[in-house]
Amino acid sequence: MKKLAFLMAASVGVSLLSSVAAADLIYANSWDGTGNAYSSQNDTAPGGFGNYATVYDSFTFTGPTVVNEIAWVGEYFNGPDGAISSFTLSFYLDDGTGAPGAFAGSIATGNNANETFIGNAGGFDTFLYDASGFTVSGGPGTYWMSVVADTPFPPQWGWSSSADGGGQAYQDFFGARGGLGTNMAFAMFGTTTPEPASMAALGLGVVALIRRRKNAKA
């Protein structure tokens, strides 16, 4: 798997960049470094809450696109650092009003997505996550992704917020959906090609599931 590097810039926060030229950076929302995060968790504790919280954020493809690596930033709160057994990354079409619409597919990492400690932000231990070995493809347009951690509660695991404005994420929390007024920190890598007219109507599809890797918690 390719290494991901963090680039610090005082005016824009921390951006997720690939250190391998073979994979282009397709889409990115930089991490704001504030320690702000929103619960997105499937509580796996016996008799626990189950999938009580899910966070969604949008992304846009400018042409026919293949994604084969995704990175994101998250943290633990309301308890000591936990142990993640898997992440589920799910993809949705836009509903036409700027919100998640029809389900298009999902990826289960089967591990902690190479959880790597990157520092303490606002009093919370913060981590970089990285998943590859899959193919997500789609035509030009706006889509949505959710990132949910499988980990017992407590603690809570949350997806970290982004320094990049102009967007709107959503959170389902115990069955109620609300807007968050922020973007979430993540980046996508792969290839985008010029848009042929015949490809313009393609939807989003998850072609292959991620390969399983041994957990490597930092």
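1. In which sense do strand 7 and strand 13 pair, and over how many bridges? Strand 7 and strand 13 (residues 156-160) pair in the antiparallel sense over four bridges. Here a strand is a DSSP run of E with at least two residues, numbered from the N terminus, and two strands pair if DSSP finds at least two bridges between them. Within this pairing, Y76 has W157 of strand 13 as its bridge partner.

2. A note on the source: this is a predicted model, in which local features need pLDDT of at least 70 and side-chain atom pairs count only at pLDDT 80 or more, while totals for chains, interfaces and linings use all residues. Residues are numbered from 1 along each chain as its sequence is written, and side-chain values use heavy atoms, with hydrogens and water left out.

3. Strand 7 covers residues 65-77, and eleven of its 13 residues are buried, so the strand is largely enclosed by the rest of the structure. Buried means under 20% relative accessible area, exposed means over 50%, and partly exposed lies in between (1.4 Å probe, protein chains only).

4. With strand 11 (residues 124-138) it pairs in the antiparallel sense over ten bridges. With strand 16 (residues 186-192) the sense is also antiparallel, over seven bridges. V67 takes part on both sides: V67 stands opposite V136 in strand 11, and its bridge partner in strand 16 is G190.

5. Strand 11 also pairs with strand 10 (residues 116-121), in the antiparallel sense and over five bridges. In this pair, G119 stands opposite T126 of strand 11. The two strands form a hairpin with two residues between them, and G122 in the turn has a positive phi of about 60 degrees.

6. D57 sits in strand 6 (residues 50-61). D57 is buried yet has no salt bridge, and the nearest side chain of opposite charge, R177, is 12 Å away. A salt bridge needs a side-chain nitrogen of Lys or Arg within 4 Å of a carboxyl oxygen of Asp or Glu; for charge, Lys and Arg count as positive and Asp and Glu as negative, with His and the chain ends not counted. A polar atom of the D57 side chain does lie 2.8 Å from the backbone nitrogen of M184.

7. What is the place of F173? F173 is in strand 14 (residues 170-173), and at 36% relative accessibility F173 counts as partly exposed.

Definitions and conventions
A polar contact is a pair of N or O atoms within 3.5 Å; within protein, one must be able to donate a hydrogen and the other to accept it, and residues adjacent in sequence count only if both atoms are side-chain atoms.
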